[in-house]
Amino acid sequence: MTILDHAMLPEWHPVLLSSALTDQPIAVTVLGEKVAVFRTSQGVHAFKDLCIHRGVPLSLGKVSGDELVCAYHGWSYNGCGTCTRIPSLPRDQAIPSKAKAFVYDCVEALGLIWVCLGKPAAPLPPIAAHVPAGYKEVFMGPYALQAAGPRIIENFLDVSHLMFVHEGLLGDTAYAEVNDYHVIEEDGVLRSEEIVVYQPDADGTGRGVNSRYVYEVFSPLCVSLTKRDDVSDHIFRLFLMVLPVTEQSSIAFMLKQRNYAYDEPDEVFVQFQDHLIEQDRRMVENQKPELLPLDLQAELHLKCDRLSIAYRKKLRELGVTFGTA
């Protein structure tokens with residue numbers, strides 16, 4: 001597949017939870033490209049999921065001696081993609097110089113494996129610099145959604161849907177009005193001013209509070225929200241990182257941080273988020289058009305949509321075309 005979105009090629013894309021990658025390769029898809037991800041004692045690696053010999057996916061093979069071995073004819077590739085062994089080749093013959101795997105950049109950060117299909121714009125995903133230490137953390141998902149990545153991100157940034165899609169939990173239709181706010185950009189990060197929302201059950205613990213949301217956009221498919229309330233010093237952060245599998249299918253990874261309820265089982269928060277995702281799924285998997293329109297005239301916007309507008313403008317400025325219209 002030829003990837004035409006040059007804005008997304010230098011981006012780091014989350015492909016797996018670190019805990020999911022053990023001693024065998026795993027197949028993933030990034031921007032429509034098949035990729036084999038594997039782990040050795042030197043770290044994590046990503047190859048085009050195709051053996052140059054006979055076109056079998058390398059992810060069907062195995063990791064042996066810190067090398068990826070093709071399942072079909074046993075060709076072995078080291079972490080740099082160099083073929084080091086062809087079992088059927090007589091020992092007095094050299095391995096052809098073209099016998100290589102196509103290597104992608106791959107890093108492990110924030111408990112995730114990340115892959116970049118182009119030349120990385122930075123050594124680590126930009127979001128890594130914005131995840132503070134010292135909080136109770138739990139991963140949620142991954143969630144497979146039949147929706148474009150930008151549609152999923154915009155849904156996350158859309159505060160005015162909380163009272164209707166998540167009524168009784170994250171919002172109350174009797175308190176649907178959204179206060180005016182502005183969006184600023186600083187060092188490449190879009191950040192909203194505080195947006196106040198009354199929430200009957202803000203985080204699954206049954207507390208009804210006025211939550212104060214601040215949203216941040218770090219890159220086209222990595223965002224966060226921070227919630228505080230008026231009655232406690234609780235801080236709740238939720239990071240959303242989306243893998244664009246194809247233009248209309250994605251996988252969402254979520255990391256939650258909190259400075260309270262340390263003794264509460266993580267499963268309580270995971271189940272709550274699972275429920276919220278299913279409510280969101282009905283919306284994002286049924287939106288038309290499926291791809292996010294970057295032409296602001298294509299849909300009607302209100303003042304409460306300032307963050308969505310800023311997000312669409314940013315995608316257009318960056319030249320993002322994958323998952324947009």
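**Close-up views of a predicted model**

View 1. Cys106 is buried, with a relative accessible area of 14%. Welcome to this tour of a predicted model. A disulfide is a covalent bond between the sulfur atoms of two cysteines. The closest cysteine sulfur to that of Cys106 belongs to Cys116, and because the two are 10 Å apart, they are too far from each other for a bond. The count of disulfides comes to zero. Another cysteine, Cys304, is also buried, at a relative accessible area of 19%.

View 2. An unreviewed UniProt entry places the feature "domain: Rieske" at residues 12-115. In the model, this stretch is 44% strand and 0% helix.

**View 3. The largest pocket, with α1 in its lining.** This pocket holds about 380 Å³ of space. It is lined by 19 residues, and those closest to its centre are Glu154, Asp158, Gln287, Asp305 and Arg312. Two or more lining residues come from each of α1 (149-157), α3 (266-284) and α4 (306-318). Which element gives the largest share? That is α1, with three residues. The lining is made up of seven charged, six polar and six nonpolar residues.

**View 4. The second largest pocket, with α4 in its lining.** Here the volume is about 170 Å³. Among 15 lining residues, Gly188, Phe218, Ser219, Lys314 and Leu318 are the closest to the centre. Strands β13 (189-192) and β15 (209-219) each give two or more residues, as does α4. The most come from α4, which supplies four. By class, nine of the lining residues are nonpolar, three are polar and three are charged.

View 5. Of its 30 lining residues, Phe156, Leu238, Met254, Gln273 and Asp280 are the closest to the centre. Elements giving at least two residues include β11, α1, β16 (222-229), β17 (235-246) and β18 (249-258). Helix α3 gives the most, with eight residues.

View 6. Among the lining residues are Arg207, Lys227, Asp229, His234 and Tyr260. Both β15 and β16 give two or more residues, and the largest share, three residues, is from β16. The classes are five charged, four nonpolar and two polar residues.

View 7. Leu145 lies in strand β11 (residues 136-145). Is Leu145 buried or exposed? With a relative accessible area of 4%, Leu145 is buried. Beyond residues up to four places away in sequence, Leu145 touches Ile152, Gln248, Ser249, Ser250, Ala252, Ile277, Arg281 and Glu285.

**View 8. Asp201, a buried residue in a loop.** Asp201 sits in the loop between β14 (195-199) and β15. Its relative accessibility is 13%, so Asp201 counts as buried. Leaving out neighbours within four places in sequence, the contacts of Asp201 are Gly168, Leu169, Leu170, Gly206, Arg207 and Phe272.

Technical notes
Residues are numbered from 1 along each chain as its sequence is written. This is a predicted model: local features need pLDDT of at least 70, side-chain atom pairs count only at pLDDT 80 or more; totals for chains, interfaces and linings use all residues. Side-chain values use heavy atoms; hydrogens and water are left out. UniProt positions are given in the numbering used here, feature names are shortened, and annotations may be inferred rather than shown by experiment. A disulfide is a pair of cysteine sulfur atoms within 2.5 Å. Buried means under 20% relative accessible area, exposed over 50%, partly exposed in between (1.4 Å probe, protein chains only). On a 1 Å grid over the protein atoms alone, a cavity is a set of points where a 1.4 Å probe fits but cannot get out, and a pocket is an open set with protein on both sides within 12 Å along at least five of seven lines; lining residues have an atom within 4 Å of a point. Grid points are joined across faces, edges and corners, and a volume is the space filled by probe spheres set on the points. Ala, Val, Leu, Ile, Met, Phe, Trp, Tyr, Cys and Pro count as nonpolar, Asp, Glu, Lys and Arg as charged, and the others, Gly among them, as polar. Contact means heavy atoms within 4.5 Å.
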